[in-house]
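Let's take a walk through this fold, one packing arrangement at a time. Have the viewer open and follow along.

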Amino acid sequence: MILPDSVLGVLGGGQLGRMFTIAARSMGYRVWVLDPDPHSPAGSMADRHIQAGYRDPAALAEMGAGCAAVTTEFENVPAETLEFLEARLPVRPGSAAVAIARDRIREKTFIREQGLATAPFFAIRQRDDLEQACAQLSMPALLKTAQLGYDGKGQVPVTSLAEAQQGFAQLQEAPCVLEQRVELALELSVILARSASGETALFPLGENVHVGGILDTTFVPARVPSRLAEQATGMAQVLADAMDYCGVLAVELFLTRDGELLINEMAPRPHNSGHYTVDACLTSQFEQQVRTLCGLPPGATTLLSPVVMVNILGDLWEPVSPPWEQLLSHPQAKLHLYGKRHARPGRKMGHYNCLAEDLDTAIATAEQIRSALQGHGQQVDQTR
Ligand SMILES: Nc1ncnc2c1ncn2[C@@H]1O[C@H](COP(=O)(O)OP(=O)(O)O)[C@@H](O)[C@H]1O
Ligand SMILES: [Mg+2]
């Protein structure tokens, strides 16, 4: 077991790294963050910010020599970096799991190999692959780059072979999946923590609403029958066991209009849809990341209160920063800002959690705060 006062390393210094850093430091660990950005949200919270690239040999040697264990906040850390560190100290999750989650072709193939359902898809490695894929899929479909996509980026909606060909060119002919667009009843996510010895703790199922490909709101508990919730968490458990996963794993699912559960994708790390755990669960997803990294058993995931999580995007800064007092004056709303210097439309700047005795009250509070924060921008607009 790695105990408090040890140094934990994190690759990537965005908001996920920041919340990991806060959890680890409050438990008495020291944290080193590797991130090239001088204003990295996690760097400013860490004991040490090593400001260097993810392939920088001197920085990696330092992390390897100075940390007791290393984790990541994003799946696009170069494979060689994880392998270099893995040869020297515990890296959790390991490079093999990260390699599956970082590539949609490998990921969806792996999910199918476990006997779990995904939306119908075809791997597109070259232009010639499109013809057969389009012949076998029913349109409309989505062409998604196999790697580096997030928040709906790297995706093109298509309705015909011609559009798919155009889309493939638009995506620089990078390897892709062409995936049937399914009729969604709901989107769901499961967050779990699995220790090196295989002990697993599942958080309650979250119900997610995306707007423009970006997560907007998470409702917990999800408003689905318990049978369905158990089925969804069971599917996530199968994936974690199949990878002999160690760390926090997020699994996104679709519930189709036909009542079928499909796995959309997974993330080998804490997830935006798990931010509710920070205020509403006995153990947060970030504490679980610390625990699983340190060889400790996962903590209890008991839900303390129904909760609604709402993302705060940079759009709200137009033209001036939002009226935080509207949110902070509410006794059961919890604000989390990531300390990013520049707001841009679509950029995740923070989130808030609304807790209440029942989900409907939490929803009402969340919506009231949403309009108060948005109304501000509109009001100023009108006086221009
Ligand atoms: N096959 C699909 N059918 C219907 N909606 C989809 C499909 N794939 C993606 N979406 C929508 O787009 C969102 C983002 O897609 P996703 O594959 O999760 O990419 P990202 O890596 O950007 O999160 C999903 O949460 C969902 O709302
Ligand atoms: Mg997604």
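Start with two helices: α6, covering residues 129–136, and α7, covering residues 161–170, pack with their axes 10 Å apart and at an angle of about 140 degrees. Keep in mind that this is a predicted model. What do we call an arrangement like that of α6 and α7? The cut-off for roughly antiparallel is over 145 degrees, and the angle here is about 140 degrees, so α6 and α7 count as oblique to each other. As for handedness, α6 and α7 make a right-handed crossing. If you want to pick out the contact in the viewer, select L130, E131 and C134 on the α6 side, and L161, A164, Q165 and F168 on the α7 side. Sorted by class, that contact has five nonpolar residues, one polar and one charged.

Helix α6 lies across β5 and β8, and runs at about 175 degrees to β5. Helix α7 lies across β5, β6 (141–145), β7 and β8, with a direction at about 170 degrees to β7. Those strands belong to an open sheet of four, ordered β5-β8-β6-β7, and the pairing in it is antiparallel. Which strands stand at the edges? They are β5 (121–124) and β7 (155–158); each has a single partner strand, so one side of each is left without a neighbour in the sheet. Going across this sheet, neighbouring strands are turned against each other by 20 degrees on average, with direction ignored.

Zoom in on one pairing there. Strand β8 (residues 176–180) pairs with β5 over four bridges, in the antiparallel sense. If you'd like one of the residue pairs to click on, the bridge partner of I124 is C176 in β8. While you are in this part of the chain, have a look at the loop between β6 and β7, where L148 is found.

Time to step back to the whole chain. It is divided into domain 1 (7–91), domain 2 (120–180) and domain 3 (184–382). Taken over C-alpha atoms, the centres of domain 2 and domain 3 are separated by 28 Å.

Next, go to the other four-stranded sheet on our tour. This open sheet has the order β3-β2-β1-β4, and its pairing is parallel. At its edges stand β3 (48–50) and β4 (69–72); each of them has a single partner strand, so one side of each has no neighbour in the sheet. From one strand to the next, the twist averages 25 degrees. Within the sheet, β1 (residues 7–11) and β2 (residues 30–34) run parallel and are joined by five bridges. To find the pairing in the viewer, note that V7 stands opposite R30 in β2. Helix α1 (residues 15–26) packs on this sheet and touches β1, β2 and β4; its direction makes about 165 degrees with that of β2.

There's another helix pair to check. The axes of α2 (residues 57–66) and α3 (residues 79–86) come within 10 Å, crossing at roughly 35 degrees. Here, too, the crossing is right-handed. On one side L60, M63 and G64 of α2 take part, and they meet T81, F84 and L85 of α3. The contact of α2 with α3 divides into four nonpolar residues, two polar and no charged.

Further along you come to a hairpin. Strand β13 (residues 247–256) and strand β14 (residues 261–267) run antiparallel and are joined by six bridges. One of the pairs is F254 with L262, the latter in β14. Four residues sit between the two strands of this hairpin, and G259 in the turn has a positive phi of about 85 degrees.

Finally, two peptide bonds deserve a click. The bond from R92 to P93 is cis, its omega near 0 degrees, and P93 has its place in the loop between α3 and α4 (95–101). The bond from E318 to P319 is cis too, again with omega near 0 degrees. You'll find P319 in the loop between β15 (307–313) and α11 (324–328).

Notes. Residues numbered from 1 in each chain as written. Chains lettered and ligands numbered in written order. Predicted model: local features only at pLDDT ≥ 70, side-chain atom pairs only at ≥ 80, totals over all residues. Pairing = 2+ DSSP bridges. Axes fitted to C-alpha atoms, helices over the stretch in contact; angles between N-to-C directions. Contact = placed C-beta atoms within 7 Å. Parallel < 35°, antiparallel > 145°, perpendicular 65-115°, else oblique. Left-handed = near helix turned anticlockwise from the far one by under 90°. Nonpolar A, V, L, I, M, F, W, Y, C, P; charged D, E, K, R; others polar. Domains from an automatic or database assignment.
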